[in-house]
Amino acid sequence: ATFYILSREQDISFAHNIIIQNFRFIPESITVRAGEKINIQNKDSNDYTFILQGSSEKITVLSGETKTITTANLAEGSYTYYSEKYSVTNLKIDIYK
């Protein structure tokens, strides 16, 4: 499974918004249609590195930073990003066609 980080120059016509605050994702799970984008905004003073469960793929979101990921190349199913450092910080993404 591969999530892609997008640059600000790329089209972000529709995106779901998720916040990291107090060591938690808000919301902690999300359901999206394949191809939709997800903005992850870090409102904590900590930096976070997340690993996609079952892979070596990592995403780092620095304090104050927003990263956008897309689900365009993912199959229907459930995916979990878990924090490399903080065991309570996990994001579950359910993708449907």
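His-16 is found in strand β2, where strands (E, at least two residues) and helices (H or I, at least four) are DSSP runs numbered from the N terminus. The model is a predicted one, in which local features need pLDDT of at least 70 and side-chain atom pairs count only at pLDDT 80 or more, while totals for chains, interfaces and linings use all residues. Residues are numbered from 1 along each chain as its sequence is written, and side-chain values use heavy atoms, with hydrogens and water left out.

At 17% relative accessibility, His-16 counts as buried. Buried means under 20% relative accessible area, exposed means over 50%, and partly exposed covers the range in between, with a 1.4 Å probe and protein chains only. Not counting residues up to four places away in sequence, His-16 touches Ile-30, Thr-31, Val-32, Glu-36, Lys-37, Ile-38 and Asn-39. A contact here means heavy atoms within 4.5 Å.

The wider setting comes next. The protein has ten strands and zero helices, so that its elements read β-β-β-β-β-β-β-β-β-β from the N terminus on. Of its 97 residues, 38% are buried. Among contacts between residues at least 6 apart in sequence, 57% join residues at least 24 apart. The accessible surface comes to about 5500 Å², and 45% of that belongs to carbon and sulfur atoms; accessible areas come from the Shrake-Rupley method with a 1.4 Å probe, and for residues only the protein chains shown count as cover.

The phi of Asn-22 is near 55°, a positive value in a residue other than glycine. Phe-23 is found in the loop between β2 and β3, and its phi, near 65°, is also positive in a residue other than glycine. Asn-22 is exposed, with a relative accessible area of 59%, whereas Phe-23 counts as partly exposed at 33%.

Pro-27 has its place in the loop between β3 (24-26) and β4 (29-33).

Strand β5 (residues 37-42) contains Asn-42. Asn-42 counts as buried, at 2% relative accessibility. What does its side chain reach? The side chain of Asn-42 reaches the backbone oxygen of Asn-46 at 2.8 Å and the backbone oxygen of Val-61 at 3.1 Å. Leaving aside neighbours within four places in sequence, Asn-42 is in contact with residues including Ile-20, Asp-47, Tyr-48 and Val-61. Leu-62, Ser-63, Gly-64 and Glu-65 also belong to the contacts of Asn-42.

Val-61 leads on to strand β7. Strand β7 (residues 58-61) has a covered face, made of Ile-59 and Val-61, and an uncovered one, made of Lys-58 and Thr-60. Strand β6 (residues 48-52) runs antiparallel to β7 and is joined to β7 by four bridges; two strands pair if DSSP finds at least two bridges between them. Phe-50 stands opposite Ile-59 in β7. The hairpin of β6 and β7 has five residues between the strands, and in this hairpin Gly-54 takes a positive phi near 85°.

Phe-50 also belongs to a group of rings. Rings of Phe, Tyr and Trp (its six-membered ring) pair if their centres lie within 6.5 Å; planes under 30 degrees apart count as stacked, over 60 as edge-to-face and the rest as tilted. By this rule the count comes to five aromatic pairs. In one of them, Phe-25 and Phe-50 have ring centres 4.9 Å apart and planes at 45°, so the pair is tilted. Phe-25 lies in strand β3 and Phe-50 in strand β6, so this pair ties together parts that are 25 residues apart in sequence. Phe-25 is buried, with a relative accessible area of 3%, and Phe-50 counts as buried at 2%. Another pair is that of Tyr-48 and Phe-50, which is stacked because the ring centres are 5.7 Å apart and the planes are at 10°. Tyr-48 and Phe-50 are both buried.

Which residues make up the aromatic cluster? Phe-23, Phe-25, Tyr-48, Phe-50 and Tyr-86 form one cluster. Phe-23, from the loop between β2 and β3, is thus a partly exposed member, while Phe-25 is a buried one.

Key: Polar contact = N/O pair within 3.5 Å; in protein donor to acceptor, adjacent residues only side chain to side chain.
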